[in-house]
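Subject: The three-chain model, and what turned up in it

Hi,

Here is the structure I promised to pass on. Please have it open while you read, as my notes follow below.

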Amino acid sequence: MSHNETRRYVGFLRLLLTSNEAKLGLAIVLVFLATSLLVAAAGKSILPYNPIQQNVGPVLASPSLQHLFGTDNLGRDVFSRIVFATPNALFVSVIVIGSAFMVGIFLGCVAGFWSGILDEILMRSTDIIFAVPALILAMSIAVILGPGLINMMYALMIIWWPPYARLARGEALRVSQRNFVEVAKTSGIKTFTILRRHIIPNILTPLLAYATLDIGTVVVVYAGLSYLGLSVQPPTPDWGAMVSSYQDYLVSAPWLPLFPAAIIAAVVIGFSLLGNGLRDAIESHNIS
Amino acid sequence: MNFITFILRRLGLAVFVLLGVTLITFTLSHLVSNNPLVAWLGRAASNPKLAALYVQKYHLDSPLYVQFGYYVSGLLHGDLGFSVFKGEPVSEALTQTLPFTLQIAFFAILLTLAIGIPLGVLSARYHHTAVDYGITGFYLAGIASPYFLLALFLLVVLTYTLHLLPSGGALSPGIPPPIPITNFQLIDSLIEGRWSTFLDGLDHLVMPSLALALGIFGYITRVLRASILDVLHANYIRTARAKGVDENTLFFKHALRNAAIPVVTLASIVVTWLVTGTLFVEAIFAYPGVGQYAVQALSNLDYPSLMAITLAFAVIIVLSNLAADILYAIVDPEIRLQ
Amino acid sequence: MTENVLTVENLSIDYESNRGPVHALESVSIGIQPRSLTAIVGESGCGKTSLGLGVIGLLPMPPVKNINGKVWYKRVNLLDLDKEEIRRYRGTEIAMIFQEPITSLNPVYRVGQQIEEAIAIRDSRNNHKNTDANGRRSEIVASLNRVRIADAENVANRYPFELSGGMRQRIMIAMALAQKPSLLIADEPTTALDVTTQAQVLKLMRNLMNEVNTSILLITHDLAVASQVADKVAVMYGGEIVEEAEVNELFSAPFHPYTQGLLACIPTGSKAKARLKPIQGNVLDLKQKVNYCKFAPRCPHVMDKCWASKPNLRTIKGEHRAACYLHEKQ
């Protein structure tokens with residue numbers, strides 16, 4: 001990265017961090033990332049208790065200093081379980097969005113740059129996929145693949161690319177019509193180079209902004225599918241699955257289903273705030 | 001291109017899309033197992049009588065594309081397969097459950113608009129003040145919350161703490177359901193003149209609808225707020241002021257009418273989230289709609305039901321998109337006449 | 001002497017900016033006679049739009065901080081009125097049309113409906129309950145005919161986006177005049193139009209003035225436009241009026257060096273080979289309140305006196321006034 005580019009990015013980051021919301025969002029997201037990476041790297045050893053081990057404390061104990069989020073019906077420490085499940089959401093969202101991003105850019109560029117029948121095919125097939133809600137479609141696919149974290153990820157990867165493809169296609173179309181691309185085409189520059197140097201850099205920014213906001217959506221949909229029992233199986237903890245298995249204790253021990261559910265919401269809010277801040281910063285950056 | 005052509009084109013697209021979805025559900029159900037009977041009958045595939053019937057009716061011994069043809073024609077005749085755990089044809093099960101879900105959807109949309117629109121107007125009017133930030137925080141929490149959180153939260157607060165509303169079901173135990181004429185319990189109880197049953201039914205609808213509405217209204221508030229702020233700077237507002245129009249008329253007749261247009265484009269997102277949410281909300285409130293049916297089908301691995309429900313949801317979404325497009329054309333003359 | 005339709009007395013307007021107050025108008029005074037077209041000419045930022053908006057209270061109050069002076073209309077100081085009171089003067093007493101007809105009409109209502117709204121406001125203020133649909137309809141058509149729009153019935157049913165720029169501006173004029181105001185303020189009404197349409201609309205406004213007994217205050221940056229239709233011209237610079245005269249007098253004997261400079265800028269067909277003479281120097285910084293002639297830094301005839309104190313508007317000849325010390329030379 002050249003000196004000028006570095007300065008632009010730093011200026012951009014500063015813009016990003018001016019709003020309080022973005023700062024809060026960033027804080028939440030960083031906590032989320034840090035926790036995930038720690039757990040993924042160090043495993044159970046950094047947790048106060050073994051998340052799967054039963055009877056580390058009294059059954060259904062309310063939150064206390066020893067058990068920050070209390071214990072569940074089998075005496076397991078809820079806090080440890082929640083923390084242990086953190087990487088799942090990160091893992092799934094990064095991979096799903098990453099693949100959707102790449103597939104989307106590829107298909108979108110092809111459709112937007114060459115237009116014609118390729119474009120039609122893309123638009124119609126995304127129309128079809130859009131007609132079914134993501135969660136339902138993923139559910140149907142997951143039923144065939146069988147339960148499990150990896151299978152769930154595959155199911156989501158299969159259906160997640162359409163918005164990215166459409167966004168990329170729109171931007172590719174817009175950029176393709178600009179003069180300098182016409183010039184490049186007629187001067188015989190190889191198509192791939194045009195794509196790489198001109199089209200893609202222009203597409204990246206709106207797509208990245210969308211992706212940040214989208215992480216929250218993946219987390220919510222994944223949590224929903226996990227709630228339905230389609231992801232990790234017991235006794236391994238997962239946020240959504242925890243909510244559904246603790247649901248019966250809503251009256252006697254409401255913290256059991258509510259804490260995991262609230263954590264999901266918190267993570268989503270974090271990414272929303274960050275995504276909004278990113279989008280606003282991009283707009284101000286473009287204006288200036 | 002005029003209005004009629006516009007609608008016909010949209011209709012054509014809708015049909016195409018639905019055909020595409022049936023292709024997907026057909027493919028998925030055949031990926032489940034090599035035995036095509038499983039797609040139609042699930043676990044009942046081993047039942048010799050049903051098996052013979054279905055092999056003949058849907059030509060399950062013919063190549064796949066032929067089967068697809070019969071699949072589609074079967075769909076159009078209302079045959080969606082047989083649900084083992086329910087012990088009845090899927091179409092029957094859907095006929096029983098769909099009205100309940102539509103009842104929730106109706107009130108959910110009503111509540112979404114009733115909460116979302118005023119809050120959007122307020123946050124625009126008092127933008128960048130504490131009111132605005134408060135509303136923003138409120139709706140962000142709503143959008144970000146997974147549906148089961150909202151449902152459980154409402155349950156804890158309204159039922160278990162304040163004892164205001166029942167915890168689940170469509171009617172309180174002990175109240176006999178009305179005679180199914182339209183299959184919509186609310187309408188049926190009114191037809192029968194059973195006012196208390198009607199009210200009881202409403203009582204049971206509040207929380208499921210509210211749980212959904214709280215998760216969706218934020219989209220409306222957010223877009224409306226931005227749209228109103230945008231419109232208020234428009235030149236035609238200045239013209240209206242110069243004409244001597246009073247502030248109220250200015251806001252409602254001139255500004256809001258224009259600001260509402262982008263909100264219509266949200267219909268697609270709203271319906272999608274609504275449909276998705278019913279799964280969880282109905283499961284938690286034990287409300288006998290399609291969502292609960294879907295969750296039960298899931299745990300029973302009832303493929304015919306699952307595929308049919310997927311298709312049903314697609315139909316709902318495509319139809320509501322069509323309605324939204326029409327509404328958009330009505331509301332924005334430029335779309336209609338260009 | 002007949003009474004002025006509008007008399008502006010020492011009007012000053014300050015805007016708030018993040019670098020301090022901006023003095024958009026400083027002690028501007030001008031009178032508008034009945035049945036006359038007065039043009040206010042000046043470059044962007046000279047305060048002419050603020051003057052127009054300030055008269056009928058359309059200045060956005062958060063950026064605008066202070067408004068001093070008086071604006072007399074029918075023996076009432078409009079600046080004394082509160083928001084609701086001044087609203088009653090808008091449209092039916094003093095109407096205003098703006099620069100961009102494309103965005104100045106509400107896109108979701110038909111043109112006829114928007115004119116009808118104007119008429120309804122007028123009727124309610126006159127306590128005239130004209131609820132007859134046919135009557136309204138024919139009045140809408142008449143108002144469109146008055147601005148020379150052919151096929152008025154048809155046009156009234158159209159949405160703004162279906163019509164051309166020139167048409168839309170005529171409709172704006174029709175809508176304003178339908179309320180029968182005594183004064184029409186037109187802020188750069190022809191700037192967004194092409195030259196031919198510009199000429200047509202200007203001619204229309206001139207003719208209408210006599211037909212409906214409405215005075216016009218025309219705000220423009222284009223001296224050529226003023227020359228085509230004005231009776232009286234006032235030249236503004238830096239928030240002040242620097243010269244005012246009857247139109248022929250101004251164009252034949254411009255006194256203030258700024259006016260002379262503006263006139264020299266107009267490309268005329270005859271001097272095809274001559275170069276345009278721009279006015280030297282930069283646009284003013286309106287954040288400073290100064291005690292000298294604002295044009296001094298750019299004036300080709302500047303004298304020491306010009307830097308010592310600010311020249312007031314003084315009579316040069318008859319109704320011709322200029323804010324310049326040059327006449328003392330003679």
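A definition to begin with: two strands pair if DSSP finds at least two bridges between them. Helices (H or I, at least four residues) and strands (E, at least two) are DSSP runs, numbered from the N terminus. With that in hand, strand 1 and strand 2 of chain C form a hairpin with two residues between them.

Some housekeeping before I go on. This is a predicted model, in which local features need pLDDT of at least 70 and side-chain atom pairs count only at pLDDT 80 or more, while totals for chains, interfaces and linings use all residues. Residues are numbered from 1 along each chain as its sequence is written, and chains are lettered from A and ligands numbered from 1 in the order in which they are written.

The sheet in chain C

Strand 1 (residues 6-17) and strand 2 (residues 20-32) of chain C run antiparallel and are joined by nine bridges. Within this pair, Leu6(C) has Ile32(C) of strand 2 as its bridge partner. Strand 1 of chain C is also joined to strand 4 (residues 64-73) of chain C, again antiparallel, by eight bridges; here Glu9(C) stands opposite Lys70(C). Strand 4 of chain C in turn pairs with strand 5 of chain C over two bridges, in the antiparallel sense, and Trp72(C) has Asn77(C) of strand 5 as its bridge partner.

Put together, this is an open sheet of four strands in chain C, in the order 2-1-4-5, with antiparallel pairing. Strand 2 and strand 5 (76-77) of chain C are the edges, each pairing on one side only.

Helix 1 (residues 48-55) of chain C lies across strand 1, strand 2 and strand 4 of chain C, at about 110° to strand 1. For that angle, axes are lines fitted to C-alpha atoms, for helices over the stretch in contact, and angles run from 0 to 180 degrees between N-to-C directions.

Chain C has 12 helices and 12 strands, and its C-alpha trace spans about 70 × 50 × 45 Å along its principal axes. Buried residues make up 45% of chain C (buried: 20 or more other C-beta atoms within 10 Å of the residue's own, with C-beta atoms placed from the backbone).

Chain A has 11 helices and zero strands. Its C-alpha trace spans about 75 × 45 × 30 Å along the principal axes, and buried residues make up 46% of its 288 residues. Of the contacts in chain A between residues at least 6 apart in sequence, 68% join residues at least 24 apart (contact: C-beta atoms, placed from the backbone, within 7 Å). The corresponding share in chain C is 66%.

How the chains meet

The contact between chains C and B takes 23 residues from chain C and 17 residues from chain B. Helix 4 of chain C gives the most to the chain C side, with three residues, and that side divides into 12 nonpolar, five polar and six charged residues. Chain A and chain C do not touch, and their nearest C-alpha atoms are 17 Å apart.

The nonpolar core

The largest nonpolar core has 275 residues, and those with the most contacts inside it are Ala138(A), Leu156(A), Ile264(A) and Ala151(B) (such a core is a set of buried Ala, Val, Leu, Ile, Met, Phe, Trp, Tyr and Cys residues joined through C-beta atoms within 7 Å). Its largest share, 17 residues, comes from helix 3 (residues 78-114) of chain A. Leaving aside neighbours within four places in sequence, the contacts of Ile264(A) include Val219(A), Trp239(A), Pro146(B) and Leu149(B).

Best wishes

Technical notes: Contact = placed C-beta atoms within 7 Å. Nonpolar A, V, L, I, M, F, W, Y, C, P; charged D, E, K, R; others polar. Buried ≥ 20, exposed ≤ 12 C-beta atoms within 10 Å, placed from the backbone.
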